[in-house]
Every structure is written in C-alpha cells, then in structure tokens.
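Here are some notes to read alongside the model, written for someone opening it for the first time. Please keep the structure in view as you go through the points.

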Amino acid sequence: MVLAELSQTRVTRSAACRQSHSKPNPRLSPSTLLMPPLSSSTCSAIFLSPEVSGRRSATTCPGSWLRSNHAAGVLAAFRRRGVTVIHTREGHRPDLSDAPRHKVERGDPSLRIGAPGPMGRILVRGEPGHDTIPELYPIAGEPVIDKPGKGAFYQTDLDLVLRNRGIDTLFVCGVTTEVCVNTTVREANDRGYRCVVLSDCCASYFPEFHDMGLRMVKAQGGIFGSVTSSRALIASMDLAAAA
C-alpha cells in the first residue's frame, strides 16, 4: 500500500466496529502486522461494494458507511501517496441473465435481486442504488469493477488490471466483512496476492460475523492475510514518509 518504501514497521491492530453502537469485541485480542518494505507502485486499495443501497438500507449495516469516515480517511491517504485505488460494485444485468436462479430466488421476495427498492431495482446495474456512495466515489483514473458475484475476481478483469500494473499487495475495505471482503481476500490469496484487511473500514449487518470474518483472515499466522486498523496503517505511513 503505502508510500514510498515502508520499512519494517510493526502496526498494532485494533478491532473496531462501525458506529457508536458497534463496540469492539474484547475477545478479539490485538495482533501485530509486520509490514515488509513496500512501494506504492506495487500496492492497491480495493473498496468492495459500498453501494448507495442494497437489500437493506445502507444505514442499517452496523457501523455502516457512516463509519465511512474511516474509509474516506484512508482513501484520501492512499490517493495522496499515489496508491492505485480500485472500486467494485456487485450487481447484475437488468435482465438478470448473469444471476444464477438460486441466487435470485432465495430470501424474502421483496428483498430479492431485481425487486424494486427505494433507489431502484436491487443489485441491478445502472440503478441509482447500484452506484458508489458519495464519500467514497471514484475519481478520474480509478478503475471501477462491476462484479456479478461476492468475490471481486469472479468473472471480472480485476486480476488482469492488477497484474498489468505490477501490483502484488492489496489493502481491502468494504461490506460485508464475512461475504464480499472474505471472498475477495480468499480469491486474492489463491492468486498469490498479499492481502491486508482494514478492520474499521469493513462492516457487517451482524457484529459477530464481522468479528469472526476478521479472525478467519488472520488465523494460523495469516492463512488468508493480515488485519490492521486504518489509524495504525495511516500512522505507519506517516512514519515511513518522515523517515
């Protein structure tokens, strides 16, 4: 990710949950992330599915994107340092031809993919609710990946975009922690990318799923990747820049 040459810096992870009613889980013991020397040219920040609306209003996601002050802060830090920023949006063609039947038919009919919602049809490309929230909106030159599944690599050109830029390290933010974030990190891990999940830049409808989603990423010495907080990451970036 970050900056010009991050020297061996230890970053202490703090487990955070968005919004004031989403408190850190004391069972999540702190861990440390040992950052190897990295160049901004080989890192990318991935922002997963921060759409304006989905099956539920964005504001019902615990800590949701009004916790986006964390995500917006780290986004600004990435941009200042020239880190590649990539945005993703989960959604389907208007005729749902790219949506598996079992995916469309599950759950409450009023909340299914393609059903009418307060900002257009749910998870359908081109609808107002499919667009990125203003706080994290892409700027010119930042790729936007439209994905038909939970993972950002499935049926997309994300891997090609990353490899063409020589990127090998991903800093991952987004919703939800246990679905899109976990799936993308696992896909990336299998493809040889180093992944770091920013705990306070992710969220879930279920606080316990958020906690366990982070635990799974960093289990067994980082089986899928590492976990840290945006505050610790930005602090390490500032230290490295001052060195």
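1. L123 sits in the loop between β6 and β7; helices (H or I, at least four residues) and strands (E, at least two) are DSSP runs, numbered from the N terminus. L123 is not a glycine, yet its phi is positive, at about 55°. With a relative accessible area of 10%, L123 is buried (buried means under 20% relative accessible area, exposed over 50%, partly exposed in between, with a 1.4 Å probe and protein chains only).

2. Before going further, please note that this is a predicted model, in which local features need pLDDT of at least 70 and side-chain atom pairs count only at pLDDT 80 or more, while totals for chains, interfaces and linings use all residues. Residues are numbered from 1 along each chain as its sequence is written, and side-chain values use heavy atoms, with hydrogens and water left out.

3. How confident is the prediction? The chain has an average pLDDT of 80, and 76% of the residues score at least 70; pLDDT is the predictor's confidence in each residue, from 0 to 100.

4. For the overall picture, the chain has six helices and ten strands. Of its 243 residues, 51% count as buried. Among contacts between residues at least 6 apart in sequence, 78% join residues at least 24 apart.

5. Do take a look at β9 (residues 194-203), the strand that holds L198. Nine of the ten residues of β9 are buried, so the strand is largely enclosed by the rest of the structure. L198 itself counts as buried, at 0% relative accessibility. Leaving aside neighbours within four places in sequence, L198 is in contact with V74, F78, F171, V172, C173, T228, S229 and L233.

6. Which strands pair with β9? Strand β8 (residues 169-175) does, in the parallel sense over six bridges; two strands pair if DSSP finds at least two bridges between them. From β8 the chain passes through helix α4 (residues 177-190) to β9 in a right-handed β-α-β crossover. Right-handed here means that, with the strands pointing away from the viewer, the path from the first strand over the helix to the second runs clockwise.

7. β9 also pairs with strand β10 (residues 226-228), in the parallel sense over three bridges. V196 stands opposite S226 in β10. The chain goes from β9 to β10 through helix α5 (residues 207-222), and this β-α-β crossover is right-handed.

8. T176 lies in the loop between β8 and α4, and the peptide bond from V175 to T176 is cis, with omega near -10°. Q155, in the loop between β7 and α3, has a positive phi of about 55° although it is not a glycine. Q155 counts as exposed, at 61% relative accessibility.

9. Finally, is H130 buried or exposed? At 4% relative accessibility, H130 counts as buried. H130 lies in the loop between β6 (120-121) and β7 (144-147).

Conventions: Contact = heavy atoms within 4.5 Å.
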